[in-house]
Each structure stands twice: as structure tokens, then as C-alpha cells.
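Good morning, everyone, and thank you for making time for this.

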Amino acid sequence: MIVLGIDPGSRYTGFGVVEQEGSRVRQLDAGRIALASEPTPAARMARLAEGVEETLDRWQPAAAVLESLFHGRNSRSLIALAQARGVILSVLGRHGLDVREFSPAEVKHAVCGSGRADKTQVSRMVDVLLGPVPVRRSADASDALAAALCYLHRRPLERVVKAAAASPERG
């Protein structure tokens with residue numbers, strides 16, 4: 001199964017593509033879509049949509065995962081981030097993917113064992129779980145890979161819960 005993780009941002013959006021075969025998980029791709037150089041908000045969102053489309057076309061993932069919004073102090077940044085997430089969700093929706101959202105704390109807990117881990121800890125654990133790469137990953141790419149790993153870690157539990165909910169009660 002191929003999963004696309006996305007760390008939405010208004011200046012840089014990280015992405016990470018992982019593949020799970022049995023118990024083995026490997027990184028297929030990771031990077032970031034640079035939006036900061038675009039002159040207008042509309043151009044930034046168009047570039048973001050284009051970058052997500054390119055990644056989807058290249059890897060054909062079965063699922064995608066994003067970090068959910070968290071409340072910040074700066075409402076202007078929150079609005080820009082919400083706009084970026086809207087563009088990403090629209091592109092993912094058009095592709096008919098299984099799209100999940102996890103809070104930053106859920107992603108950190110799945111990868112590091114603590115929902116309060118910092119970016120350095122997340123990056124180190126992504127290296128441990130996927131192996132280091134010759135060129136250092138950006139923090140955005142590490143966060144996106146962590147989101148994809150969170151999806152894969154939670155998937156077996158979600159299947160068990162879904163099966164339990166579907167089966168009749170035993171008495």
C-alpha cells in the first residue's frame with residue numbers, strides 16, 4: 001500500500017510517500033512544494049494544487065493523510081493555512097483517495113511515543129523507522145512522512161474496531 005503524507009503550509013508544504021509491504025515500510029519520495037516565491041495568494045494556491053497533482057500522478061497512492069489544523073495565535077497565518085488545506089483536500093477529493101486527518105499530537109505519539117515530541121525528535125524517529133537518506137530531509141518532509149507513518153500505524157487498529165462494530169453482539 002502506498003500512502004501520501006502531507007504537512008500543509010502556506011510557504012512550504014511538505015510531502016512524503018511511503019510504501020508498506022507486509023511489515024516492511026519504505027520511503028519512496030519526500031520533499032516540499034515551495035510556495036513562498038509566488039507573487040500572489042492565488043498563484044501560491046495554484047502552485048500547491050499543481051505540486052500535489054504531480055505527486056499523485058507519479059506515485060498513485062491508495063490513501064493520503066494530513067495534519068489537522070491547530071489553533072494558533074496568529075489568525076492571518078491560520079487563514080492562509082486553512083486555504084492551503086482546502087486546496088489540498090480538493091485535489092485529494094478529486095482523486096477519490098481515502099483521506100485521513102490526525103492532530104499533530106496524534107502524529108507525534110504514533111511516531112515518537114509522545115504527543116509532545118519536538119521537530120528534532122520527530123525527524124530522528126522518521127530516520128529510525130525509514131532509514132536515513134543521503135540528503136537531509138526538510139522538517140516539512142519529515143513531518144509529512146511522520147503523518148504517513150501514523151496512518152499505517154493506526155490502520156490495523158481501525159480495521160479491528162470497524163470489524164467489532166459490524167459484528168453482532170455475543171450474549
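What percentage of the 171 residues of the protein chain count as buried? Please keep in mind that this is a predicted model, and that in it 39% of those residues count as buried.

Let me turn to the overall build, where the protein chain has 5 helices and 5 strands, and where the order of these elements, read from the N terminus, is β-β-β-α-β-α-β-α-α-α. The radius of gyration of the protein chain is 16 Å, close to the 16 Å that the globule rule gives for 171 residues, so the chain is as compact as a globular protein of that length. When we take contacts between residues at least 6 apart in sequence, 61% of them join residues at least 24 apart.

Now to the interior. In soluble globular proteins, nonpolar side chains tend to be buried together. Here the largest nonpolar core has 22 residues, and those with the most contacts inside it are Leu4, Leu48, Val52, Leu56, Ile88 and Leu92. At least two residues of this core come from each of strand 1, strand 2, strand 3, helix 1, strand 4 and helix 2, and the largest share, 6 residues, is supplied by helix 1. Apart from this core lies another, of 19 residues, with Val3, Val126, Leu149 and Cys150 among them.

Finally, the surface: the accessible surface of the protein chain comes to about 9,700 Å², of which 52% belongs to carbon and sulfur atoms.

Conventions: Residues are numbered from 1 along each chain as its sequence is written. This is a predicted model: local features need pLDDT of at least 70, side-chain atom pairs count only at pLDDT 80 or more; totals for chains, interfaces and linings use all residues. Side-chain values use heavy atoms; hydrogens and water are left out. A nonpolar core is a set of buried Ala, Val, Leu, Ile, Met, Phe, Trp, Tyr and Cys residues joined through side-chain atoms within 4.5 Å. Buried means under 20% relative accessible area, exposed over 50%, partly exposed in between (1.4 Å probe, protein chains only). Helices (H or I, at least four residues) and strands (E, at least two) are DSSP runs, numbered from the N terminus. The radius of gyration is taken over C-alpha atoms; the globule rule is 2.2 Å times the number of residues to the power 0.38. Contact means heavy atoms within 4.5 Å. Accessible areas come from the Shrake-Rupley method with a 1.4 Å probe; for residues, only the protein chains shown count as cover.
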